[in-house]
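Good morning, and thank you for coming. Please look at the sequence and the model on the screen, and I shall then take you through them.

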Amino acid sequence: NRKLTQEKLIEKNKNITVPDLGQSDQQFMKKAMDVIEKNYSNPNFGVKELIFQINMSYSVIYKNFIRLTGIPPVQFLLLYRLEVANKILKQNRNNNVTVSQIAYQVGFNDPKYFTRCFVKEYNMTPSSIIYMKHRGH
């Protein structure tokens, strides 16, 4: 089950969803995802805030994320933000939204850092997605 979950998250598109787990693991991931979904747009939200809101120790949260997703919570949060940004970019059908606006919207303080992370993850710039959509591709 763990191997399947890890493989799901390592896929090219990295769709971050609550995997098919046992009840206690499901409860943990649901709680973590609820907190992340409510706070990802806050640039001050990080693993410390996740720990506080879930009310578990860092080591327990870290071990659970590694065991259930194969990646540490800080990387999970980054990938979640990038996935949300990717969806926003793909839904954007006009050129009125800038990469900077989207970066801030998903909790990045620095649009250049956002772009570097995005390129590393998706092998294309965020602006190229806007351009493709604008051109109708």
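Which helix provides the largest share of the lining of the largest pocket? The answer is helix 5, which contributes four residues. Please keep that helix in mind, as I shall return to it.

Let me first say what we are looking at. This is a predicted model, and the protein chain has 137 residues. Its secondary structure consists of eight helices and zero strands. Among contacts with a separation of 6 or more, 58% join residues 24 or more positions apart. Buried residues account for 41% of the chain. The accessible surface is about 8,400 Å², and carbon and sulfur atoms hold 51% of that surface.

How confident is the prediction? The average pLDDT of the chain is 83, and 79% of the residues score at least 70. Over residues 10-14, however, the value is below 50, although this stretch still has six contacts in the model beyond near neighbours in sequence. Where pLDDT is low, the predicted coordinates should not be read in detail. Among the elements, helix 1, residues 2-10, has the lowest mean pLDDT, at 52. The highest mean, 96, belongs to helix 7, residues 111-122.

We now return to the largest pocket. Its volume is about 200 Å³. Among the residues that line it are P43, F45, V74, L77, L78, R81, F108 and Y113. By class, the lining comprises eight nonpolar residues, three polar and one charged.

Next comes the second largest pocket, with about 150 Å³ of space. Its lining is made up of Q75, L78, L79, L82, R116, C117, K120 and E121. Helix 5 and helix 7 are the elements that give two or more residues to this lining. The classes here are four nonpolar, one polar and three charged.

Finally, consider I71, which is found in the loop between helix 4 (58-69) and helix 5 (73-91). Is I71 buried or exposed? I71 has a relative accessible area of 11%, and it is therefore buried, since the cut-off for that term is under 20%. Setting aside neighbours within four places in sequence, the contacts of I71 are F65, I66, F76 and L79.

Thank you for your attention.

Definitions and conventions: Residues numbered from 1 in each chain as written. Predicted model: local features only at pLDDT ≥ 70, side-chain atom pairs only at ≥ 80, totals over all residues. Heavy atoms only, no water. Buried < 20%, exposed > 50% of the residue type's maximum accessible area, 1.4 Å probe, protein only. Contact = heavy atoms within 4.5 Å. pLDDT = per-residue confidence, 0-100. Areas by Shrake-Rupley, 256 points an atom, 1.4 Å probe, with all protein chains shown as cover. 1 Å grid on protein atoms, 1.4 Å probe; cavity = no way out; pocket = protein on both sides within 12 Å on 5 of 7 lines; lining within 4 Å. Points joined across faces, edges and corners; volume = space filled by probe spheres on them. Nonpolar A, V, L, I, M, F, W, Y, C, P; charged D, E, K, R; others polar.
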